[in-house]
Structures are given as structure tokens and as C-alpha cells.
Amino acid sequence: GTSRPAHYHVLWDENNFTADGIQSLTNNLCYTYARCTRSVSVVPPAYYAHLAAFRARFYMEPDVQENGSGGCQIGKSTRVNGVSGVRPLPALKENVKRVMFYC
């Protein structure tokens with residue numbers, strides 16, 4: 001694939017990185033994405049956040065279904081007194097509460 005330049009804004013730097021340090025860190029992180037054997041154009045934490053938000057939508061909108069082509073279809077909404085029903089998140093087991101997990 002073709003590399004695409006990305007532009008990042010540092011909002012708060014608690015680690016006191018230099019500009020070169022941030023650039024080096026960002027470049028190195030692009031080689032750590034677990035779903036790809038090559039470098040990616042955006043740092044993996046951004047990809048992981050996108051995946052988490054995409055999956056969370058299925059809990060926030062219970063009637064959303066994947067249609068197999070990467071898109072989603074929204075079914076009939078379940079509303080009680082104007083409030084939509086939200087499924088509770090599954091309970092985490094004790095042995096995985098402090099472990100990062102990516103799919």
C-alpha cells in the first residue's frame with residue numbers, strides 16, 4: 001500500500017517529549033498494529049479506538065445488525081416512554097480486568 005501522511009496535534013504532553021521524540025514514537029507505533037504485518041498509516045491506538053466504538057454501537061443500539069459488507073442495518077427501535085433500551089455490557093471476569101484485549 002501507499003503511505004499516507006498523518007497530521008497530529010499534541011494537546012497535552014505529560015512526558016515532555018521533544019518534537020523528534022513524538023515523531024519517532026508515532027513512526028514506531030505504526031509498525032505495532034496486531035491485524036497487519038506491515039506498517040499502517042495511522043497509529044494503532046486510533047484504529048483500536050475505532051474498533052471499540054464500532055463494537056460499542058451494538059450495545060448502545062440493540063437493533064443494529066451487520067449486513068456482511070461492512071455496513072449496518074438498523075431495525076425497528078425498541079422504545080419505552082421515549083427512551084431506547086440499551087443492553088448492559090457483559091460482566092468482565094476477574095482474571096481479565098487488568099489485561100488489554102484486542103480482536
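**Walking through the model**

Mentor: Let's begin with burial: buried residues make up 11% of the 103 residues in the protein. Buried means under 20% relative accessible area, exposed means over 50%, and partly exposed is in between, with a 1.4 Å probe and protein chains only.
Trainee: Where do these values come from?
Mentor: This is a predicted model, where local features need pLDDT of at least 70 and side-chain atom pairs count only at pLDDT 80 or more, while totals for chains, interfaces and linings use all residues. Residues are numbered from 1 along each chain as its sequence is written, and side-chain values use heavy atoms, with hydrogens and water left out.
Trainee: Okay, how many helices and strands are there?
Mentor: The protein has two helices and four strands. Reading from the N terminus, the order is α-α-β-β-β-β. Helices here are DSSP runs of H or I with at least four residues, strands are runs of E with at least two, and both are numbered from the N terminus.
Trainee: Which aromatic rings pair up?
Mentor: There are two aromatic pairs in the structure. In one of them, Tyr33 and Tyr48 have ring centres 5.3 Å apart and planes at 45°, so that pair is tilted. Rings of Phe, Tyr and Trp (its six-membered ring) pair if their centres lie within 6.5 Å; planes under 30 degrees apart are stacked, over 60 edge-to-face, and the rest tilted.
Trainee: And where do Tyr33 and Tyr48 lie?
Mentor: Tyr33 is in the loop between α1 (19-29) and α2 (44-60) and Tyr48 is in helix α2, so the pair ties together parts that are 15 residues apart in sequence.
Trainee: Is Tyr33 buried or exposed?
Mentor: Tyr33 counts as buried because its relative accessibility is 11%. Tyr48 is buried as well, at 14%. Tyr33, Tyr47 and Tyr48 form one aromatic cluster.
Trainee: What does Ser41 touch?
Mentor: Leaving aside neighbours within four places in sequence, Ser41 is in contact with Arg4, Ala6, Tyr8, Cys30 and Tyr47. Contact means heavy atoms within 4.5 Å. Ser41 is found in the loop between α1 and α2, and its relative accessible area of 18% makes it buried.
Trainee: What about Thr26?
Mentor: Thr26 is in helix α1 and is buried, with a relative accessible area of 17%. Not counting residues up to four places away in sequence, Thr26 touches Tyr8 and Val43.
Trainee: Which residues make the nonpolar surface patch?
Mentor: Leu92, Val96 and Val99 make a nonpolar patch of about 270 Å². Areas come from the Shrake-Rupley method with a 1.4 Å probe, and for residues only the protein chains shown count as cover. Like charges are joined within 9 Å, and nonpolar side chains (Val, Leu, Ile, Met, Phe, Trp, Tyr) within 5 Å.
Trainee: And Leu92, buried or exposed?
Mentor: Exposed, at 58% relative accessibility. Leu92 sits in the segment after β4 (83-84).

Key. Patches are made of residues with over 30% relative accessible area and no salt bridge: like charges are joined within 9 Å, nonpolar side chains (Val, Leu, Ile, Met, Phe, Trp, Tyr) within 5 Å. A salt bridge is a side-chain nitrogen of Lys or Arg within 4 Å of a carboxyl oxygen of Asp or Glu.
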